[in-house]
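Please keep the sequence and the coordinates at hand while reading.

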Amino acid sequence: MANSSVSLSLLSSIFATVAFFLSWSSVYNCNYVKFTTIQDTSLSLGFGLFSHSWYAVSIPLGGSVVFQACIGYGSTAIDGSMKAARIFSILALVIGGIFFFHNIIGGCVNPNKRAYTRSEGVAYLSACLFQGLSLLLLNSPTVCTNNQLIHQLQSELDSRENIQIEFNDTCTLSTGARCCIAAIVFWFLAALASCQATSVEERKGENNGGGGENLREPLVPDNLL
C-alpha cells in the first residue's frame, strides 16, 4: 500500500507539472484565440490575455510585404470578461504553482518522505476551476465578439487597393485556448491522484495503529494493585 501511495503521489506531481506549463503557455501566449481570413485560413491574427499579434504592412517597389509581431494591448479598453479571465488564469497559475514547486523542492530535500495532505488535492481542484473560468475570454467583446482592433486593421487593408485581405467576424480557438483546456484536464487529474494518494496513506495509518489499540489497557487492573 505504501508503494501505491508513492506511485499515486508521483503521478499527481507529473500531472501537475504538465498542467502548470500548459497553464503558463495559455496565459503568456498571444494566440489564445485567432481571427482567420476568408481568402486564406492559414493567415490569421491572434489575441491572448495580455498581448496580441499584429500586422505591419510595407509596400516597397514592385509589391507589398506583411510583417507579424506580438505586442501588448496598450490603451485598448479592456472589458469585464477579459479582466475576469486574466484574474482567474493568474490564480490558477499561482495556486497550482505553489503546490507544484512545493512538491519539487520537498522531493529534492527529502525524497524518502512525502507529506500527504488534503490541501494539495483541494489546491489542484481550485486551479482546475480557475483555469476553466479563464475561458471567459471567449465571451469578451474586446477579443471575440466586437474586436475593434480587427475593425481597425480591416479598414487599413481596405484602403490599400493592392491588398485583398478580409478577416472573419468571429474568433476561433487557437494555441492558448487549447493549452488552457488541456491544463484543466491535467489539473483535475492531479487533484484526483493527490486525493487518492492521501486516502491510501490515511488507510495505511489506520491499519498500522489499529492493532495497538487493545494494548493500551493495563494487563493488571488498577484496583488489584
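Which hand does the disulfide of Cys144 and Cys171 have, and why? The torsion about its S-S bond is about 95 degrees, so this disulfide is right-handed. The model is a predicted one, in which local features need pLDDT of at least 70 and side-chain atom pairs count only at pLDDT 80 or more, while totals for chains, interfaces and linings use all residues. Residues are numbered from 1 along each chain as its sequence is written, and side-chain values use heavy atoms, with hydrogens and water left out.

The sulfur atoms of Cys144 and Cys171 are 2.0 Å apart; a disulfide here is a pair of cysteine sulfur atoms within 2.5 Å. Helices (H or I, at least four residues) and strands (E, at least two) are DSSP runs, numbered from the N terminus. In these terms Cys144 lies in helix H4 (residues 141-145) and Cys171 in the loop between helix H5 (148-158) and E5, so the bond ties together parts that are 27 residues apart in sequence. Burial is judged by relative accessible area: buried means under 20%, exposed over 50%, and partly exposed in between (1.4 Å probe, protein chains only). Cys144, at 4%, counts as buried.

The whole structure holds 2 disulfides. Cys30 is joined to Cys70, with an S to S distance of 2.5 Å. Cys30 is buried, at 11% relative accessibility, whereas Cys70 is partly exposed at 46%. With bonded cysteines counted along the chain, the disulfides follow the pattern 1-2, 3-4. Cys180 is in no disulfide; the nearest cysteine sulfur belongs to Cys179 and is 8.8 Å away. Cys180 has a relative accessible area of 0% and is therefore buried.

With 15% relative accessibility, Asn29 counts as buried. Its side chain reaches the backbone nitrogen of Asn31 at 2.7 Å. This is a polar contact, meaning a pair of N or O atoms within 3.5 Å; within protein, one must be able to donate a hydrogen and the other to accept it, and residues adjacent in sequence count only if both atoms are side-chain atoms. Leaving aside residues up to four places away in sequence, Asn29 touches Gly48, Leu49, Ser51, Thr175 and Gly176, where contact means heavy atoms within 4.5 Å.

Next come the aromatic rings. A pair of aromatic rings is described by the distance of the centres and the angle of the planes. Rings of Phe, Tyr and Trp (its six-membered ring) pair if their centres lie within 6.5 Å; planes under 30 degrees apart count as stacked, over 60 as edge-to-face and the rest as tilted. There are 12 aromatic pairs in the structure. In one of them, Tyr28 and Phe50 have ring centres 6.2 Å apart and planes at 20 degrees, so the pair is stacked. Tyr28 lies in the loop between H1 and E1, and Phe50 in the loop between strand E2 (44-47) and strand E3 (51-58), so the pair ties together parts 22 residues apart in sequence. Tyr28 is partly exposed at 47%, and Phe50 is partly exposed at 33%. Another pair, Phe35 and Phe47, is edge-to-face, at 5.7 Å centre to centre and 85 degrees between the planes. Phe35 is in strand E1 and Phe47 in strand E2, 12 residues apart. Phe35 is buried at 1% relative accessibility, and Phe47 is buried at 0%.

E1 and E2 are also joined by 4 bridges and run antiparallel; two strands pair if DSSP finds at least two bridges between them. Thr36 has Ser44 in E2 as its bridge partner. E1 is joined to strand E5 (residues 172-173) by 2 bridges, again antiparallel, and Val33 stands opposite Leu173 in E5.

Phe47 leads on to the core. A nonpolar core is a set of buried Ala, Val, Leu, Ile, Met, Phe, Trp, Tyr and Cys residues joined through side-chain atoms within 4.5 Å. The largest one has 38 residues, of which Tyr32, Leu45, Phe47, Leu137, Val143, Phe167 and Trp187 touch the most other members. At least two residues each come from H1, E1, E2, helix H2 (80-109), helix H3 (118-133), H4, H5 and helix H6 (175-210). H6 gives the most to this core, with 9 residues.
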